[in-house]
Amino acid sequence: MAHRDIMIHIAGIRLTNFVTAVVILGLASSSAAQRSANPKFQFEKQIAPYLKKYCYSCHSGSDADGDLRLDQLGIDFATEMSAEHWLEVVDKIKSGAMPPESEKKRPSAADSAKIVQWLTDRIDEAQAGRLSRRQNVAFYRLSREEYANSIDDLLGVRVSSAYTNGLNVDEQWQGFRRIGSVLSLSPSHLEKYLALAEQILSEAFPDTPPKPVHWKFDAVALGGGPRVYGKKILDELKSTGRANKIRADLWPGQKIRINQSHVVVENPGIYQIRVRLSGIRSKAVWAPHLVVAAENLDRILFQSDVDTAESRPTQISFSTHLPAGRHRITISNRARGPDILARMNRSTRRPFFDLENGELPWQLQLVNSDRTPIYPCLILDSVEIQGPIVDQTAAQKRNRFSTWSDRDPSNDCDGIKRFAQLAFRRPLKKNEFTKFEALYQREIDRGKSPRKAARTVMTAILCTKDFLFLIEGSPQTKTKFLNNDELASRLSYFLWSTMPDQELRNLARQKKLSKPKILRQQVVRMLADKRSRRFTNSFAEQWLQLERVGQFPPDSELYPEYDDYLEQSMVRESTEFFDRTLRQKLSIKEFLDSDWTMLNERLAKFYRIDGVRGDRFRSVKLQPKNQRGGILTQAAVLSATSDGLRHRPVHRGVWLLESIFAENIPAPPPNVEPIEPNGLNVKKSTLREKLMAHQNNETCSICHRRIDPLGHAFDNYDAIGRWRIKEIVRTGVGENPIVDASGKLPNGKRWQTPQQFKKILLDDIDRFNRAFVKKLATYALRRAINVDDRKSLDRIARASKVANYRLEEIVIELVTSDLFRKR
């Protein structure tokens, strides 16, 4: 081989080797690149070392804090549960809460930022996978309240608690009683809905027109009539013309029962009750409190303070739903003050005429020398009950469907078809009504009248899933957004707690409702409608967990001024406060602190605020000495987080984290030692001092160091929300201890008083803003907010900030967002 050929050959070998080497190096480089791009590899190299160094000491092993084990948390971000946990880690690192300040080893801000960015990117990348795993169709059962409102809108039948008590209880999740995954429906529940539908439709379309009744009970009958006064005395009074001047007096604790044999309701429906009476304030300026109740239903029908002159009686009129049966109607005076009934020694055979001659010398003194009552007094003249009443609105609702006729069966199903369309809140699908027509015909063939046959079909319609549930999505296709009919229902049940009205239905049919401009117009219209009070009442009650008020009735010896009317007024303050914040276009900053609140006379006296008179709630200017402002220091919130005996700082701290910061708090570990009361010979100590033992317990310390300071910020308020300087301790020796409401947040900010604490919260208004948006979205969407909603929530929160956090704008921004229109 020539030298040149040899050199070429050698060069070829070298070239081949070089190419091979390049290929091998390329493959190796490619493999390394693929490995470095693999999330699992990146996690092990970049994330795991950080977690092991700064997090595993608390969040690993069987005793991991908050039940969050990072050492076992998978990195399948396409799994919603895993993504939720990692998002929680991201939030804790971003806020500085993890690792806690108490840890000696703290990461640099740059290291934490890298971890946050990597986890956030992985969560975002896996969003499509999470969404693909969701069901095509979502079902949300109507709550009791929504069911009752929908029936009223359909048929003009007021579904009272006497009807709905048989239904299953609306289970709650984080205070909300409308979450789809919680509100279930079992076969036994369906039987109750069937029985209820039959009752409702029998009332709306009775076989024969109901006979109106009118009962009137004058003061003689209310006082017991001849059985009590004696026929002779009454005859003498009639002969002298004084019988018609008899009145019936009611002092605190007294009750008049109307004989149930007199009030026998044959036809259920709306009944008008009128009470003519006077209400005279006591020497202590307390007004008497009228309560009308149906004892057999265990239901208060009406209650109100009454404030009139003795010589100028007023007539109180109200309507209520009464089911068929005998009713024990009672009239009582539940005014604040001692129950004097046992000490009155009244002569039961002596009629009452006026306060001038209202007592005998040997009886308990009831009036002062100037004849004004020492105790708040009601003086009754008459009680009337009339019904059933079908007003024009209810009649029009029912007439839409009652097209059946024995003479013209051709259009018998037209009304039923219209009923089904409204009940289902959408147009009927092709051939969907066929089964109902067949049912109607079968009933006719069995000899049923058109009316009864129609009732049977309508009963079936009210028991279908299409009425009892809001249904979003289609079994055949995976859809991202609601259609217009679904959107109309979501919006209507959000702001009105009932089905869409004609305008919403029209916009849905025209496929215009999904346009943001149209949605904004509809929100403004709907909030101006009186039905939006259902939203302000229902959302405020559920967000603030006000159903807990009165769950542990306060001890009457410790808190003698607490009664049912005060409890009702407490809850009303919070719902009225929310409503006014919305109506007056105010900021949600008002929820954290304000220089006003909503009061009636009863609550104003409880707060020691003068100048408020009467039952009506109105905005009242607050002074610093009142120690009130915002929702955090409202009596309803403070009593809801107590146990009837004493304030509960832990409960208050947990409530604040859940309701104000929208954080999930893990359940306490089992077998936690209770807080022991003071010993008889031990120096009195505050509840705060006793709780320090939990902070020193390693099992409890992590959560209690976070929760307790928030609750202690309101230690100046007792179990029913009264302001105090000293904590009343029932056992032990020495003076009652001074309340210490001071505290410190994880970020180092300190406070000494509740007012200073509220100022700290206001300084971080964006945190509350994001949490409030999350709570509002949970209520509106009827589901838990998940990891894939956070960007939409952030956009709404930013829009809220631009609008100076106005509540009305937050509602509008939520409804017009993609989040609200998405499934």
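In the classification used here, Ala, Val, Leu, Ile, Met, Phe, Trp, Tyr, Cys and Pro count as nonpolar, Asp, Glu, Lys and Arg as charged, and the others, Gly among them, as polar. By these classes, the lining of the second largest cavity has six nonpolar residues, one polar residue and one charged residue. The structure described is a predicted model.

**Cavities**

The structure holds three cavities of 30 Å³ or more. The volumes and class make-up of two of these are as follows.

| Cavity | Volume | Lining by class |
|---|---|---|
| Largest | about 90 Å³ | four nonpolar, one polar, seven charged residues |

The largest cavity is lined by Trp-286, Ala-287, His-289, Asp-305, Arg-334, Ala-335, Arg-336, Asp-563, Tyr-565, Glu-601, Arg-602 and Lys-605. Helix H23 (residues 601–606) provides the largest share of this lining, three residues.

Around the second largest cavity stand Leu-632, Val-637, Leu-638, Thr-641, Arg-652, Trp-655, Leu-656 and Phe-714. Helix H24 (635–640) and helix H25 (649–660) each supply at least two residues of this lining. H25 gives the most, with three residues.

From H18, Glu-503, Leu-504 and Leu-507 make the contact, and from H19, Ile-518, Gln-522, Arg-525 and Met-526. Sorted by class, the contact of H18 with H19 has four nonpolar, one polar and two charged residues.

In the other pair, helix H30 (residues 790–802) and helix H31 (residues 807–815) pack at an angle of about 145°, with axes 9 Å apart. The crossing of H30 and H31 is right-handed. On the H30 side, the contact is made by Ile-796, Ala-799 and Ser-800, and on the H31 side by Ile-810, Glu-813 and Leu-814. The residues of the contact of H30 with H31 comprise four nonpolar, one polar and one charged.

Technical notes
Residues are numbered from 1 along each chain as its sequence is written. This is a predicted model: local features need pLDDT of at least 70, side-chain atom pairs count only at pLDDT 80 or more; totals for chains, interfaces and linings use all residues. Side-chain values use heavy atoms; hydrogens and water are left out. Contact means heavy atoms within 4.5 Å. Helices (H or I, at least four residues) and strands (E, at least two) are DSSP runs, numbered from the N terminus. Axes are lines fitted to C-alpha atoms, for helices over the stretch in contact, and angles run from 0 to 180 degrees between N-to-C directions. A crossing is left-handed if the near helix is turned anticlockwise from the far one by less than a right angle, and right-handed if clockwise. On a 1 Å grid over the protein atoms alone, a cavity is a set of points where a 1.4 Å probe fits but cannot get out, and a pocket is an open set with protein on both sides within 12 Å along at least five of seven lines; lining residues have an atom within 4 Å of a point. Grid points are joined across faces, edges and corners, and a volume is the space filled by probe spheres set on the points.
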